[in-house]
Amino acid sequence: MLKARRIADDQLNSLATLDLQTAEIFADACSQLLDKSSYHSRDIIAVGNHGQTIRHRPDIEDPFSLQIGNASRLAELTGIDVISDFRTADIKAGGKGAPLSPAFYQAVFNHDNISRVIVNIGGIANITILPKDRNKQVIGFDCGPGNTLMDAWISQHKQLHYDSDGELAVSGKTDVTLLARLLMDGFFKLAPPKSTGFEYFNLEWLIKHIDSKLSIADVQSTLCDLTATSIIRAINQYAPYTDEIFICGGGVHNKELMHRIQAITKCPVSTTEALGVHPDWVEAMAFAWLAYQHIHQKCGNLPSVTGASKSVVLGKNTLANYTS
């Protein structure tokens, strides 16, 4: 408690303000969605609010995962119950608290005659292995950086939020020595279950490996190949029987990344739109599904994925104050 009191006021104030402001942004998104539909807030059972991750530390002595997007404020503004804090229960059960979407993928994308891998490329990339053989476990894990390093690099050097269509990467040439050096990192050698985040894969991690002679574009190209290579290596190692690969998340909008992924695997690579779900909507649907699981007191994690000792109900319910 004394340590907490020594945290600078401006830091605490900023975090608390961001927590509320994020909830207000989420509430506005809910309002816009309802306006486009025929539904009213009273028709909605709950909002599944994952929040914005600020810290994810499942491997320290007192593990935790912290998200902002204040559930009470969101419930107040929408008039809808909010299910949030999905990761804590899994962490308490000894799991990594991530990834959580594989249970949803299993429910929606599994096929009895085709072995599939679902790849979610957000800041971090994770894969979910859905074997057609029901006797084999579903496996899912973070396999390395997705967009986080590419975004951070282009932001620092070009003041852009992301590399549109991979244009900067296309203009460069991958440095095979740097790529090999990055792929030697211990994280890639860890067996699943495993989880990571920007706390690990960040500019500080990258810069210590870079030769100052490399151009900005060459580094960007190398980072694009790092993401593509680490994804396909993980699939080849843990799911060599894969028939189809489907990708969701922001990475699908990087055309060069998608091209490079397909170039190093014989499996057909598509987005989840081929399965009837737009890749931008998959994660939102996953947490709506996890909220549904919570409401019905059904388990939402897969111990084979997160490493938890048991299946548990995920999330906490914040009730709205109904006034209408």
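**Strand pairing, buried residues and backbone geometry**

V82 has T318 as its bridge partner in strand β10. The structure described here is a predicted model. The two strands concerned, β4 (residues 82–84) and β10, are paired in the antiparallel sense over three bridges. Helix α3 (residues 71–78) packs on the sheet and touches β1, β4 and β10. The direction of helix α3 makes about 160° with that of β4. The sheet itself is open and has three strands, in the order β1-β4-β10, with mixed pairing. Its edge strands are β1 (47–49) and β10 (316–318), each of which pairs on one side only. From one strand to the next, the twist averages 30°.

Further strand pairs were found elsewhere in the chain. Strand β2 (residues 52–57) and strand β3 (residues 64–68) run antiparallel to each other and pair over five bridges. Between β2 and β3 there is a hairpin of six residues. Within this pair, Q52 stands opposite I68, a residue of β3. Strand β6 (residues 124–130) is paired with β7 in the antiparallel sense, here over six bridges. T128 faces G140 of β7 across this pairing, standing opposite that residue. Strand β7 (residues 139–145) is largely enclosed by the rest of the structure, because six of its seven residues are buried.

The side chain of S195 makes a polar contact of 3.3 Å with the side chain of H56. A polar contact of 3.1 Å links the side chains of S195 and D142. When neighbours within four places in sequence are left aside, S195 is in contact with H56, D59, K96, A98, D142 and F187.

The second residue, V312, lies in the loop between α14 (303–306) and β10. Its relative accessible area is 12%, so V312 is buried. Not counting residues up to four places away in sequence, V312 touches A89, D90, A93, C299, G300 and N301. One of these contacts, A93, is 219 residues from V312 along the chain, yet the C-alpha atoms of the two residues are separated by 7.8 Å.

Aromatic rings were considered next. A pair of aromatic rings is described by the distance of the centres and the angle of the planes. The count of aromatic pairs comes to 11. Among them is the pair of F104 and F109, with 6.3 Å centre to centre and 75° between the planes. This pair is edge-to-face, because planes over 60 degrees apart are placed in that class. F104 and F109 are both buried. One aromatic cluster is formed by F187, F188, Y200, F201 and W205.

Charged groups also lie over rings. K194 lies over the face of F187, a member of the aromatic cluster, at 4.4 Å from the ring centre. In another case, the charged end of K136 sits over the ring of Y241, 4.2 Å from the ring centre.

Most residues other than glycine have a negative phi, and most peptide bonds are trans. The bond between A98 and P99 is instead a cis peptide bond, with omega of about -10°. P99 is found in the loop between α4 (88–92) and α5 (102–109). A98 is also one of the residues in contact with S195. A cis peptide bond leads from P192 to P193 as well, and its omega is near 5°.

D165, in the loop between α6 (148–158) and α7 (167–171), has a phi near 60°. Its relative accessibility is 28%, so D165 counts as partly exposed. At Q297, phi is about 55°. Q297 lies in the loop between α13 (282–295) and α14. Q297 is exposed because its relative accessible area is 55%, and the class of exposed residues begins over 50%.

Methods:
Residues numbered from 1 in each chain as written. Predicted model: local features only at pLDDT ≥ 70, side-chain atom pairs only at ≥ 80, totals over all residues. Heavy atoms only, no water. Phe/Tyr/Trp six-rings, centres within 6.5 Å; stacked < 30°, edge-to-face > 60°. Buried < 20%, exposed > 50% of the residue type's maximum accessible area, 1.4 Å probe, protein only. Lys NZ or Arg CZ within 6 Å of the ring centre and 35° of its normal. Pairing = 2+ DSSP bridges. Helix = DSSP H or I, 4+ residues; strand = E, 2+ residues; numbered from the N terminus. Axes fitted to C-alpha atoms, helices over the stretch in contact; angles between N-to-C directions. Contact = heavy atoms within 4.5 Å. Polar contact = N/O pair within 3.5 Å; in protein donor to acceptor, adjacent residues only side chain to side chain.
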